[in-house]
Amino acid sequence: MEKSITQKANYYRRKTTNVFMMSLTLLSALVAILPLLFIFYYTISKGISHLNIDFFIKMPTPVGETGGGMANAIIGTLILLGIGGGIGLPIGIMTGTYLSEFGNNKFGFMIRFLTDVLSGVPSIVVGVIAYTLVVIPMKHFSAFAGGVALAILMIPIITRTTEEMIKLVPHSYREAGLALGIPKWKISISIVIRSAWKGIATGILLGLARAAGETAPLLFTALGNRFWSIKIFQPIASLTVYIYEYATAPFTDWNEQAWTASLVLISLISIMSLLFRFITRSKYKNVN
Amino acid sequence: MNVVDKIKTVQEPARFFSEKDNIKILVKNLSAFFGKNKVLKNIYIDIPEKKVIAIIGPSGCGKSTFLRNLDRMHEVVGGTITGSITFDGEDIMQMDPVYVRRKIGMVFQKPNPFPTMSIFNNVVAGLKLNGFKNKKKLSEIVEKSLKQAALWDEVKDMLNESGGAISGGQQQRLCIARTLAVNPEVILMDEPASALDPISTAKIEELIFELKKNYTIVIVTHNMQQAARVSDYTAFFFMGELVEFSETNKMFTAPDKKQTEDYITGRFG
């Protein structure tokens, strides 16, 4: 045994195995990002042709008429995200904080379990629920109903990331705070959440990105709108619903515009992501 | 066996200090538990004002638990106690723990400044987060506390940088400054120099020497020389019991108990 470690043949065998396994992991990494590259390639190459200033500032044109844009859908998606985030972020962040700081009991366990179940509920089912809870009592489709559906989709993602990120904050910070005579709730807000803020922001972003890409729950909540509308209690257009309609329509011009809408949606999420990273970046260079 | 236990709890040992001495913290028949596990057994100890008390003993003897009892940090990790601890004649278990911890500050083994806060905000964290807002007063306190902690000259030009940006030894002095800023009367130190190099350790020890003019200090240490250097009184703990308490000089030259002598001379532990 001892001898074999020093033997040259063994050394080469280990070295070859190492190189082989390394290449295997590298290959897997490439395969994993391949779909993403395809998505970028197709949306850019097919969507770029209709991407111009008109797309952002003009309304959709009737079939047959070329040109036009999706100003209403872009603003609609932003409003829907705003409503969804407005409801989902506070609930998600506070639930996550509760779970990690005070949720070490049966009730916390139950909430955690239910949150996990909620994150597994198909988005179309969430749409039906929002339809039943909001659309039917209000008797019409609305941006608000769409926002509620998106909020329900965001909450479990934000809750669980918030909880995990807060759990990562070392216990010593809390003890340091307690030893200084700071009340526990203040430590949670000013020290713990602030230390975990970067991770929580990632969770928020994941939640928003998920919501921005949803189509199914919007079909019977926000419905869609051919016209300019920014009213919260009226049906509202959204990029995803437009993509769905335009991509399946039998008109080449619409199909192309669907690609452009996809490109805009992806860019929107990317810009949001960059913006978030910029806002939540660390004030101090030498600390992660 | 039960009878022996009973006798132990009933019998109060002779007090080391007389009534005339200024006693800051009085510990009577203190037992501490983690669940059913008794980690401190019927401790009687008086902590005199403006002195340094070192607590020595092998790992797991209950030193840290004892220290954490004095500012009610023991209950934070789910521990319970019996017996009484009085601070200036008041039972700390009857006091608001937040108030107790403002009066009895604590410095931990590992430096733990808040990395999301600047050095300035680290020092005044205890004040700011309790609603103290006067900016001029705050910067005065920062300067005073950092000077007391012998850190001012090293960080005065970088007060706006992160508390995590300085060296370990500086971080520990920052933590001491942070503790001083809330103006406590007692400072508990749980092996404050065990994670530091000899030079930083020397600085912390000098600091302790300075601080005892104004504060009562209880320090847990694994380092026998350190205990001998910085403390006025030393308590030797073993297996959750207080074996011996006396003047440091006496403890390290002529201890009463054989067990103490064995530990100090390195025959066990």
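Tutor: Two residues are in contact if their C-beta atoms, placed from the backbone, lie within 7 Å. This is a predicted model, in which local features need pLDDT of at least 70, side-chain atom pairs count only at pLDDT 80 or more, and totals for chains, interfaces and linings use all residues. Residues are numbered from 1 along each chain as its sequence is written, while chains are lettered from A and ligands numbered from 1 in the order in which they are written.

Student: How many residues of domain 1 of chain A are in contact with domain 2 of chain A?

Tutor: Chain A is assigned domain 1 (2-49) and domain 2 (57-279), with bounds that come from an automatic or database domain assignment. The C-alpha centres of these two domains of chain A are 35 Å apart. Six residues of domain 2 of chain A take part in the contact, and the number from domain 1 of chain A is five.

Student: Are H4(A) and H7(A) roughly parallel or roughly antiparallel to each other?

Tutor: Helices (H or I, at least four residues) and strands (E, at least two) are DSSP runs, numbered from the N terminus, and axes are lines fitted to C-alpha atoms, for helices over the stretch in contact, with angles from 0 to 180 degrees between N-to-C directions. Helix H4 (residues 71-102) of chain A packs on H7(A) at about 30 degrees, the axes being 6 Å apart. Angles under 35 degrees count as roughly parallel, over 145 as roughly antiparallel, 65 to 115 as roughly perpendicular and the rest as oblique. The relation of H4(A) and H7(A) is therefore roughly parallel.

Student: Which handedness does the crossing of H6(A) and H7(A) have?

Tutor: The axes of helix H6 (residues 123-138) of chain A and helix H7 (residues 143-168) of chain A come within 9 Å and cross at roughly 135 degrees, which makes H6(A) oblique to H7(A). A crossing is left-handed if the near helix is turned anticlockwise from the far one by less than a right angle, and right-handed if clockwise. The crossing of H6(A) and H7(A) is right-handed.

Student: How many residues of the contact of H6(A) with H7(A) are nonpolar?

Tutor: The contact includes A:Val126, A:Gly127 and A:Ala130 of H6(A), with A:Val148, A:Ala149 and A:Ile152 among the residues from H7(A). Ala, Val, Leu, Ile, Met, Phe, Trp, Tyr, Cys and Pro count as nonpolar, Asp, Glu, Lys and Arg as charged, and the others, Gly among them, as polar. The contact of H6(A) with H7(A) has no charged residues and two polar ones, and the nonpolar number is 10.

Student: Which helix gives the most to the side of chain A that touches chain B?

Tutor: Across the two chains, 18 residues of chain A are in contact with 25 residues of chain B. On the side of chain A, helix H8 (171-179) and helix H9 (184-212) each supply at least two residues. With six residues, the one that gives the most to this side is H8(A).

Student: What is the order of the open sheet of four strands in chain B?

Tutor: Two strands pair if DSSP finds at least two bridges between them. The edge strands, each pairing on one side only, are S2 (37-48) and S5 (90-91) of chain B. The order in chain B is S2-S1-S4-S5.

Student: Which residue in the turn of the hairpin of S1(B) and S2(B) has a positive phi?

Tutor: In S2(B), B:Asn37 is the bridge partner of B:Phe34. The hairpin has two residues between S1(B) and S2(B), and a positive phi of about 65 degrees belongs to B:Gly35.
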